[in-house]
Protein chains: 2
Amino acid sequence: MTIKEQLLLHLKDNMDAWISGESLSQQLGVSRAAIWKQARNLKEEGYIIQSSPKKGYHLCEISDLLLPGEIRERLGNNLFGGQQIYYYKELETTNLKAKELASQGVPEGTLIIAEKQTKGRGRRGRSWFSPAGYGIYASMVLRPSIAPTEISSITLMAAVSAAEALIALTPLNVRIKWPNDILLNDKKIAGILTEISSDMDIVDYLIIGIGMNINTPKDLFPPEIKETATSILIETNRPFQRVEILSEFLKIYEHYYINFKKSGIEPIMGRWKELANIVGKRIEVDVMGQKYRGDVVEIENGILILKDHGRTHRIFSGDVTIL
Amino acid sequence: MTIKEQLLLHLKDNMDAWISGESLSQQLGVSRAAIWKQARNLKEEGYIIQSSPKKGYHLCEISDLLLPGEIRERLGNNLFGGQQIYYYKELETTNLKAKELASQGVPEGTLIIAEKQTKGRGRRGRSWFSPAGYGIYASMVLRPSIAPTEISSITLMAAVSAAEALIALTPLNVRIKWPNDILLNDKKIAGILTEISSDMDIVDYLIIGIGMNINTPKDLFPPEIKETATSILIETNRPFQRVEILSEFLKIYEHYYINFKKSGIEPIMGRWKELANIVGKRIEVDVMGQKYRGDVVEIENGILILKDHGRTHRIFSGDVTIL
C-alpha cells in the first residue's frame, strides 16, 4: 500500500476527530512534510480534507467521486478495477478514450472512468444522458482470444453483471432487455455499449462501456427521455454510493469473464435467460430499420434465433418489442 | 487537371524527345519558372526526368512506382483511387496507417499505399512478405452502413475483384480460396486482410488491405514460403506494371461495392462461387485451432455453411483444406 493509501485509511478510521501531523508521521513512519504532500494529493483527487497547523488533518466526508483509489481499495489485485485506472472529470465518452488507449496498446483490464460525458452515447448512435456526479460512465478494455462473431457473449455477460450488481445492492428488481439494456418497470436504468476492433479471425480489442443512472433526480432528465428512463434514486427515494455499485459490477463481471474464458458462455446463459425472460415470447425486432417478427426459440452465443412460419432468422443485434 | 498533371501528360506524349521549357511554357500557359517547379515536384514523386538548360525536359521512363498521380490518371473521380491517396515509400503496414487515419475521420474511399511494408501481415497474425517495389501493398477505408456480421461480404467482393483484375490483365488462371486468398496452382499470389471498428449494431469503418505478389523473383521469397507463394513474374516470366493491376482492382472493386450497396451480395455470389469452386466439396476447416469437417452446402453472406451427419456449422473465417 502506498503512503497515500495508508494516509487515507487512517483518515477514514478517524472521521469523527482531527489527527495531528505528528501522530500520522509516527504511525506511517514518514516525515510530516511527506504527510502534508500526500494530503494535498488526496485533496487534488477530490477528497475533502481540512488541515490546520494546530489540529492536524480531518477527512470531512467520504467522497462519492469514482476515484481510482476508492475502486482499488475494494478490488485489490483484480483484473478489472485493480489495474491501471484512467479517471477524468469530463470526457466526450469513456468508450472513445478507451479505444484511443487500446489502439496504443494498453493491457486488458484497463479501466476508464468519467464523472461526466459531454457526448454520452448509447446503441445505434443514440445519446446517453451523462450529468456530472449522478451516474456511472465507465469503459473496460478487454483482449479475449475470440472471433468477432463471439462478441455477443461478452456483451451479454456485461448485462447480467450490471443487473446482478443492482439486485445485490439495491431493493430493485431489474431485468434485461435483449441484447444489452437493463430495465426497471420497463424504464431504462443502465445500458452497455460494446465496440470492437477486429479482423475476420480474431478480435484485437473489445471495449465494454457501461452507463448507469444512479442518483439522477427525475427533474434532471431531459423531457424526451423522462418517461423512458429512471434512476435508482427515483425508484428508491434514496441516494446510493456509486463507487459501491461500480465495484460490485466489476467484481461480478470479472467472475463471469474468467469463467467464460474457461468454459464458454453456456454456464452463464441460464442466469441470462432468467433475467431476460424472452425465450418462447413472440416479438418484433427492428434491425437497422428492417423488421422481423417471430417466436424466440433460443439465444445461441448471444444471437437471437427467431422462427416465423418455418423460416429462421438469426439476429445479432436490434430493438425488441414483445408482442 | 493541375499544371503538374498537364506537364506529366506532355512529357509522356514526348518520351522519344526533349521538349524545351519555352514550348512547355506556351502550351501550358504558365511561366518557365512554374514549369521548372512542377518538374521538380514530379522528380520528388519518383519520376525520372532529365532537364537541361539548353534542351529542356525529357521523361526517361514511365515509373513503376505506385504514384498517386498515376492512379488518379486512370481512375479520375472514382470513389477508390480518385480521392485522397496517402503514398509512402515504407510503412509498417498499410492497414495500420489506414486504421489510424480512419479513426481520425478520413472519408470512405481514402487509399493508403506503400512501396514496402516492414511488418506486412496476413490473416491470423501471419506475415506477408512485402519487399520494396515488387508487390502491391494497399489499403482502402470503407464506411458502409452494415452490421458487423455482414463484413464477410465485403471481404468476399475484394477476393473476387483481385482475382478478376489478375484474370483481365494477365494470362493467369487464378482461383479463390475461401475466405480471401487468391491462388495460382495452389500457391498464394494475393491476399485480403479485412479489419473493422464496429459496435454491435453498425460498422464505424472497415479497412480492406490487399497484398499482391507482382514482380517478385522466386529467389527473393524467404525459404519458408518459397513452395507456397508465387508471383506473376514467376508464372509468366515477364514483369507487369503494378499500377495497372492496382487500378484495375480498384475499378472492379468499386463496381461491386456500389452494386452491393444497392442490391446486396447475392448478384456477386455467382461469380464468387465460380472462382472458389468450394460448394459441394468435402472439407476440413481450422477455426482458431478447432477443426470442423463436413460438406459445404452453401455460402451465405460470406459465411460458409458446413453439414456433417445432420449437424450444421456456420463458419465465419478459417483455414480450409479440401478433402
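A salt bridge is taken here as a side-chain nitrogen of Lys or Arg within 4 Å of a carboxyl oxygen of Asp or Glu. In the predicted model, the side chains of B:D201 and A:R123 meet this criterion, with an N to O distance of 2.8 Å. B:R123 likewise forms a salt bridge with A:D201, and the closest N and O atoms of that pair are 2.8 Å apart. The B:R123 pair crosses between chains: B:R123 belongs to the loop between β4 (111–114) and β5 (135–142) of chain B, and A:D201 to the loop between β8 (187–199) and β9 (203–213) of chain A. B:R123 has a relative accessible area of 8% and is therefore buried. A:D201 is also classed as buried, at 4% relative accessibility. In total, two salt bridges are found across the interface of chain A and chain B.

The interface itself draws 25 residues from chain A and 24 residues from chain B. About 2,200 Å² is buried between chain A and chain B, and carbon and sulfur atoms account for 62% of this area. On the chain A side, the most area is lost to chain B by A:M200, A:D201 and A:M288, which together make up 33% of what that side buries.

Over all chains, the count of salt bridges comes to 52. Within chain A, the side chains of A:R282 and A:D295 form one such contact, at 3.6 Å from N to O. A:R282 is partly exposed, at 32% relative accessibility, and A:D295 is partly exposed at 32%.

Within chain B, a salt bridge joins B:R32 to B:E22, with 3.6 Å between the closest N and O atoms. This pair links distant parts of the chain, 10 residues apart: B:R32 is in helix α3 (residues 32–45) of chain B and B:E22 in helix α2 (residues 21–28) of chain B. The relative accessible area of B:R32 is 47%, which places B:R32 in the partly exposed class. B:E22 is partly exposed as well, at 36% relative accessibility. In chain A, salt bridges with shared partners connect A:K12, A:E70, A:E73, A:R74 and A:E244 into one network.

Chain B contains an open sheet of five antiparallel strands, arranged in the order β13-β12-β11-β10-β14. Its edges are formed by β13 (311–315) and β14 (319–322) of chain B, each of which pairs on one side only. From one strand to the next, the twist averages 45°. Strand β12 (residues 303–308) of chain B runs antiparallel to β13(B) and is joined to β13(B) by five bridges. One of the bridge partners in β13(B) is B:R311, which is paired with B:D308.

The disulfide count over all chains comes to zero. As for individual cysteines, A:C60 is partly exposed at 31% relative accessibility. B:C60 is likewise partly exposed, with a relative accessibility of 31%.

Notes
Residues are numbered from 1 along each chain as its sequence is written. Chains are lettered from A and ligands numbered from 1 in the order in which they are written. This is a predicted model: local features need pLDDT of at least 70, side-chain atom pairs count only at pLDDT 80 or more; totals for chains, interfaces and linings use all residues. Side-chain values use heavy atoms; hydrogens and water are left out. Two strands pair if DSSP finds at least two bridges between them. Helices (H or I, at least four residues) and strands (E, at least two) are DSSP runs, numbered from the N terminus. Axes are lines fitted to C-alpha atoms, for helices over the stretch in contact, and angles run from 0 to 180 degrees between N-to-C directions. A disulfide is a pair of cysteine sulfur atoms within 2.5 Å. Buried means under 20% relative accessible area, exposed over 50%, partly exposed in between (1.4 Å probe, protein chains only). Contact means heavy atoms within 4.5 Å. Buried area is the accessible area (1.4 Å probe) that two parts lose on being put together, summed over both.
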